[in-house]
Amino acid sequence: MNHPEVDIPAIRQKLLALEAALKEESTESASSRETVVLDQTSVGRLSRMDALQGQAMAKAEEQRRQLTLKRISGALQRIDQESFGECIECGEWIGTKRLTSDPVVLKCIECAE
């Protein structure tokens with residue numbers, strides 16, 4: 001049974017909207033993660049370093065996005081399996097406010113500490 005005090009359809013909509021936004025961001029930022037061309041004749045050393053740093057930051061952001069997408073997918077699966085809102089450690093219900101603010105959490109506040 002899903003958490004009895006949480007509006008499951010609203011949570012599902014929130015998760016689906018966040019998933020769509022993250023996928024769109026990922027598509028839009030694909031060019032910033034591409035290989036940096038190191039043309040020493042047209043770009044100075046510092047500019048190349050800036051480009052490499054920008055690429056590294058874009059790749060790290062994409063990794064964070066992909067992790068969040070996996071967590072969203074897991075939350076949607078828990079909704080479908082009727083186990084949304086249960087702490088994975090102790091089995092008690094996760095607080096309603098906690099779930100509403102972050103629907104991908106897996107543990108209650110006590111177990112998360």
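N2 lies in the segment before α1, where helices (H or I, at least four residues) and strands (E, at least two) are DSSP runs numbered from the N terminus. The model is predicted, and local features are therefore reported at a pLDDT of at least 70 and side-chain atom pairs at pLDDT 80 or more, whereas totals for chains, interfaces and linings use all residues. Residues are numbered from 1 along each chain as its sequence is written, and side-chain values use heavy atoms, with hydrogens and water left out.

The chain contains four helices and zero strands, and from the N terminus on its elements run α-α-α-α. The mean pLDDT, which is the predictor's confidence in each residue on a scale from 0 to 100, is 87 for the chain, with 87% of the residues reaching 70 or more. Where pLDDT is low, the predicted coordinates should not be read in detail. Of the 113 residues in the chain, 29% are buried, a class defined by a relative accessible area under 20%, with exposed meaning over 50% and partly exposed in between (1.4 Å probe, protein chains only). Among the contacts (heavy atoms within 4.5 Å) with a separation of 6 or more, 61% are accounted for by residues 24 or more positions apart.

The 21 residues of α1 should span 30 Å at 1.5 Å a residue, which agrees with the 30 Å between its end C-alpha atoms; the expected span is 1.5 Å times one less than the number of residues in the helix. The buried residues of α1 are I8, I11, L15, E19, L22 and S26. These residues cover an arc of only 70° around the axis, which puts them on the same side of α1, the arc being that of the directions from the helix axis to the C-beta atoms. The face turned away from this buried side carries the exposed residues P9, Q13, T27 and E28.

P9 counts as exposed at 56% relative accessibility, and its C-alpha atom is 9.5 Å from that of I79, although P9 and I79 are 70 residues apart in sequence. S26, by contrast, counts as buried at 12% relative accessibility, and its side chain makes a polar contact with the side chain of E62 at 2.7 Å. A polar contact is a pair of N or O atoms within 3.5 Å; within protein, one must be able to donate a hydrogen and the other to accept it, and residues adjacent in sequence count only if both atoms are side-chain atoms.

The largest nonpolar core has 18 residues, of which L15 and F84 touch the most other members. The elements that give two or more residues to this core are α1 and α2, and its largest share, five residues, comes from α2. A nonpolar core is a set of buried Ala, Val, Leu, Ile, Met, Phe, Trp, Tyr and Cys residues joined through side-chain atoms within 4.5 Å. Not counting residues up to four places away in sequence, F84 touches M1, N2, H3, V6, I8, I11, A75, R78, I79, W93, L99 and P103.

N2 is buried, with a relative accessible area of 9%, and its side chain reaches the backbone nitrogen of F84 at 2.9 Å. With residues up to four places away in sequence left out, N2 touches I8, R78, I79, E82, S83, F84 and W93.

E82, one of the residues touched by N2, is placed in the loop between α2 and α3 (96-101) and counts as partly exposed at 43% relative accessibility. Its phi is near 60°, a positive value in a residue other than glycine. Most residues other than glycine have a negative phi. G95 also has its place in the loop between α2 and α3 and is partly exposed, with a relative accessible area of 39%.
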